[in-house]
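Visitor: I would like to learn how to read helix packing in a model. Could you walk me through an example?

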Amino acid sequence: MSESSEKVYPAPSVRRLPIYLSLLRKMRDQGVEGISSTRIAEQLGLTGIQVRKDLAMTGIVGRPKVGHSIHELIEHIERFLGWDVQQDAILIGVGHLGTALLGYKGFKQENLNIVATFDNSPDKIGKKILGRPVYAMKDFRKFMRGKGISLAILTVPVQFAQETAEIMVKAGIRGIWNFAPIQLQVSDEIIVENVSLSSSLALLTQKLSHQS
């Protein structure tokens, strides 16, 4: 494995890159061709140093007194995030949250393509929800054979999350976007990104309750 592939980038910096992308795409659509790190910082309420460090991760080099080509900057960020190629994914758990994710239009810009969904509910299996077929979870391993899909979105109830994750991993899933409020016990080779709605809400309500 190369040194570059082993490098770990700061999570806060990676999480800011989609925010930059949103701004850059908007400005591109307005006909703007170039932008400086300072202007990006001003638009987003950040510091210029912070923005320059974040953008440096993508490998792009700005030109003094000129800044960056917006088109090149978008390309570098998308390539760094892996959004320059389509990433097929499976969604498991077609409840309210799973259905909401299926309807999220932003995944198209991020090149995430949810090709199929899985559930244990007889009322959903065999139907289509927002254009995606719903299969029985018992058929997951059979469905995955030869597909080459490595990413799954997990939105099942917490009591089923660990068992479901183990089935997914055995079928070849290597990256799990986990919306269940539980720390999954999987091998170190499996990449898990936990999305905790409760933690995010806690930060918001804590700040509100202590606001003078």
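Guide: On α4, the face turned away from the buried side carries the exposed residues Ile 49 and Lys 53. Exposed means over 50% relative accessible area, buried under 20%, and partly exposed in between, using a 1.4 Å probe and protein chains only. This is a predicted model, where local features need pLDDT of at least 70, side-chain atom pairs count only at pLDDT 80 or more, and totals for chains, interfaces and linings use all residues. Residues are numbered from 1 along each chain as its sequence is written, and side-chain values use heavy atoms, leaving out hydrogens and water.

Visitor: Which residues of α4 are buried?

Guide: An α-helix has 3.6 residues a turn, so residues three or four places apart point the same way. Here the buried residues are Gly 48, Val 51, Asp 54 and Leu 55. Seen down the axis of α4, they fall within an arc of 130° (taken from the directions from the axis to the C-beta atoms), so they line one face of the helix.

Visitor: At what angle do α3 and α4 pack?

Guide: Two packed helices are described by the angle between their axes and the distance between the axes. Helix α3 (residues 37-44) packs on α4 (residues 48-56) at about 115°, with the axes 8 Å apart. That makes α3 roughly perpendicular to α4, a label for angles of 65 to 115 degrees.

Visitor: Which residues of α3 and α4 meet?

Guide: Ser 37, Thr 38, Ile 40 and Ala 41 in α3 meet Gly 48, Val 51, Arg 52 and Leu 55 in α4, where contact means heavy atoms within 4.5 Å.

Notes:
Axes fitted to C-alpha atoms, helices over the stretch in contact; angles between N-to-C directions. Helix = DSSP H or I, 4+ residues; strand = E, 2+ residues; numbered from the N terminus. Parallel < 35°, antiparallel > 145°, perpendicular 65-115°, else oblique.
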